[in-house]
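Colleague: I would like to go through this structure with you. Could you show it to me?

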Amino acid sequence: MLTKTFFKTSFMSMHAPMAIGGKEISSTTTTNLPYRHKPEDCSVENTPTSKLSQKTVLHLLNTKCGNSLQYLKQVHGVVLRRGHFQDHYVAGTLVKCYANPQICSLDFALKVFGHVYRPNIFVWNTVLKACLEHDEACAVEGAAKEGVQVHGHVVKHGLSRDGHIRSAGIQMYASYGYVEEARRLLEEDGDCDTICWNAMIDGYLKCGDVEAAKELFEKMSSKNVGSWNAMVSGFGRCGMVENARKMFDEMIEKDEISWSAMVDGYIKTGCYKEVLETFNEMQRKKVRPKKFILSSVLAACANLGALDQGRWIHAYARKNSIKLDAVLGTALVDMYAKCGHIDLAWDVFENMKEKEVFSWNAMMGGLAMHGRAEDAIELFFKMLRERVLGPNGITLVCVLNACAHAGWVDKGLNILNSMQKIYGVEPEMEHYGCVVDLLGRAGLLREAEELIASMPMKPNAAVWGALLGACRIHKNVELGERIGKILLEMDPLNSGRYALLSNIYAKAGRWEDVGRLRKLMKGRGIRTTPGISMIDLDGIIHEFKMGDGSHPQVEEIHMMLEKIIEKLQREGYSPNTSQVLFDISEEEKETALKYHSEKLAIAFGLLNTKPGTPIRIIKNLRVCEDCHSATKIISRVYRREIIVRDRVRYHYFKNGVCSCKDFW
Ligand code: ZN
Ligand code: ZN
């Protein structure tokens with residue numbers, strides 16, 4: 001099974017769009033209500049239905065504005081101009097749309113709410129839910145306070161007995177960790193339906209109180225599918241995915257929510273293979289997947305490099321006329337980019353009718369990761385030219401990353417120094433991290449260190465880690481040692497930090513220090529993360545791990561590998577043995593270098609695919625130097641394109657050279 005942190009460093013995980021969408025509006029919108037739009041923005045206005053009735057507006061809000069901020073703004077403009085804001089249902093729905101996880105601007109939702117005259121139960125309920133959902137999606141600290149205040153008003157207005165308001169109140173208190181308050185609401189007299197009970201169960205599980213949740217679940221006289229679903233999704237959220245599965249299997253009746261709760265649980269715990277299995281099971285049971293499940297499954301495909309399955313979902317969406325909205329489209333872009341097909345990602349991106357900032361970010365991130373920095377930057381300028389909702393923090397991370405991959409020091413520094421002024425985005429830790437990486441890669445270690453010292457916030461382990469990586473590349477032992485020590489203190493459980501420092505020592509021939517570090521690691525009980533490489537063959541993901549003899553073709557693969565190494569040696573390759581002895585790589589030292597997981601995967605690929613077919617591999621760790629040089633020669637000798645996505649970037653091996661120019 002894969003670890004949670006697998007590909008954590010990638011530019012866009014599937015759940016990123018929500019957060020990105022949120023950041024975007026809250027960082028750039030300073031307008032106060034009433035919201036005014038420039039006429040050219042209003043394509044809704046220009047449609048034949050320009051005399052939109054209240055009913056049509058509601059319909060538009062409910063169907064079209066779920067994940068397009070641009071569209072929502074247009075409809076909002078219409079609402080204000082046509083006087084529909086007086087209508088509580090329209091106003092409440094507007095609040096709901098702004099707070100929608102895809103758009104995610106609680107600030108703005110609350111501003112809209114502030115303009116509602118004498119809100120009715122529907123509006124109150126919506127705003128309570130908004131606070132609640134926003135807290136879930138973005139973990140904004142202020143949301144709890146807002147929510148409690150809103151609820152205070154609700155009580156004052158004597159509306160607290162309403163069933164909907166009550167369940168929203170229970171959910172809200174429970175999700176902020178005020179389970180006692182939530183329980184008190186539940187036990188109060190009055191109308192209390194299963195929704196309230198489910199909310200309470202959910203609340204206990206959110207706080208990790210599994211026992212209380214179970215007890216309540218047992219106590220329920222009538223359990224509906226919703227109660228089971230609450231348990232499944234709650235367990236998933238606590239990372240107790242096995243309990244979730246047990247519950248899921250015990251369910252006599254399952255609905256779409258049950259399936260998506262299960263899939264979500266797997267995604268959250270990084271069990272991507274299980275996501276695909278569950279999805280296949282769903283297919284066999286003929287349950288029609290909803291759009292959001294498709295996005296989750298695509299995220300799993302992206303992580304596993306499961307191109308065939310990802311393609312299948314693309315075809316499925318097409319066949320069933322499922323609209324490619326910004327979220328689903330972006331999930332496809334991300335999947336294709338991460339499965340090594342940047343061209344297909346581009347096709348989808350170009351044909352997307354609705355693009356949000358996170359869509360541009362995903363495309364830019366994909367390009368940068370594929371080493372196509374120029375294209376990424378060009379896309380960024382196109383985004384500015386087309387005046388898509390301004391770039392957000394993530395956009396600038398993508399841009400700075402592209403600069404780092406291309407080695408554009410001046411450009412990167414310029415962007416960092418002017419991003420606040422030009423794009424209105426305050427530089428955050430990630431932006432500094434990118435530039436530290438950029439300077440470090442370019443060998444400007446002193447400048448990188450100075451930049452860290454000048455940061456307005458305390459640098460985190462990732463920023464120091466970027467500099468440590470640069471010390472390894474440029475063999476600066478003195479600085480590497482100093483930073484390594486800082487990192488081991490900050491991040492004592494991360495095996496990668498030890499590996500990197502030991503790597504620096506080994507390159508300097510300081511074997512005693514290497515040994516000392518190993519001992520320290522052992523003493524602290526830290527195990528290195530095993531290297532895992534995956535390859536997708538006809539829709540089946542084959543996983544390779546050093547020392548794991550479970551693959552049915554294991555003997556054949558080993559024999560093939562012997563042959564490959566012999567051939568390589570005739571071409572002048574000699575294994576970098578220091579890596580075997582001293583754990584330079586992030587892989588375990590015990591097993592010989594030649595059995596590193598990516599070599600096994602390559603041998604498997606050569607054995608099982610026709611000559612000339614590209615071999616695509618996904619690895620959870622950084623590629624080690626020995627595997628890198630071996631793969632270069634294999635690509636020439638066997639005339640194969642080999643594409644390896646490691647923890648950080650893509651390597652395209654072709655004709656004996658790699659796209660990273662040996663710099664990674
Ligand atoms: Zn290796
Ligand atoms: Zn490379």
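Modeller: Let us begin with helix 9 (residues 179-187), where R183 and E187 stand four residues apart, separated by about one helical turn. Helices here are DSSP runs of H or I with at least four residues, and strands are runs of E with at least two, numbered from the N terminus.

Colleague: What do R183 and E187 form?

Modeller: R183 and E187 form a salt bridge, with the closest N and O atoms 2.9 Å apart. The term means a side-chain nitrogen of Lys or Arg within 4 Å of a carboxyl oxygen of Asp or Glu.

Colleague: Is E187 buried or exposed?

Modeller: E187 counts as exposed, at 53% relative accessibility. Buried means under 20% relative accessible area, exposed means over 50%, and partly exposed lies in between (1.4 Å probe, protein chains only).

Colleague: Before we continue, what kind of model is this, and how is it numbered?

Modeller: This is a predicted model, in which local features need pLDDT of at least 70 and side-chain atom pairs count only at pLDDT 80 or more, while totals for chains, interfaces and linings use all residues. Residues are numbered from 1 along each chain as its sequence is written, chains are lettered from A and ligands numbered from 1 in the order in which they are written, and side-chain values use heavy atoms, leaving out hydrogens and water.

Colleague: How many salt bridges are there?

Modeller: The count comes to 27 salt bridges. One of them joins K291 and D325, at 3.3 Å from N to O. K291 lies in helix 16 (residues 291-304) and D325 in the loop between helix 17 (307-319) and helix 18 (326-338), so the pair ties together parts that are 34 residues apart in sequence. D325 counts as buried, at 7% relative accessibility, whereas K291 counts as partly exposed, at 31%.

Colleague: Which residues are linked in a network?

Modeller: Salt bridges link R245, D249, E281 and K285 in a network.

Colleague: Now to the metal: what coordinates the zinc ion (ligand 1)?

Modeller: Its donors are H596 (ND1), C624 (SG) and C627 (SG), at 1.9 to 2.4 Å. Donors are N, O and S atoms within 2.8 Å of the metal (3.2 Å for Na, K and Ca); water is not among the atoms, so sites may look incomplete.

Colleague: Where are H596 and C627?

Modeller: H596 is in the loop between helix 31 (578-582) and helix 32 (597-608), and C627 is in helix 33 (residues 625-637), 31 residues apart. H596 is buried at 2% relative accessible area, and C627 is buried at 0%.
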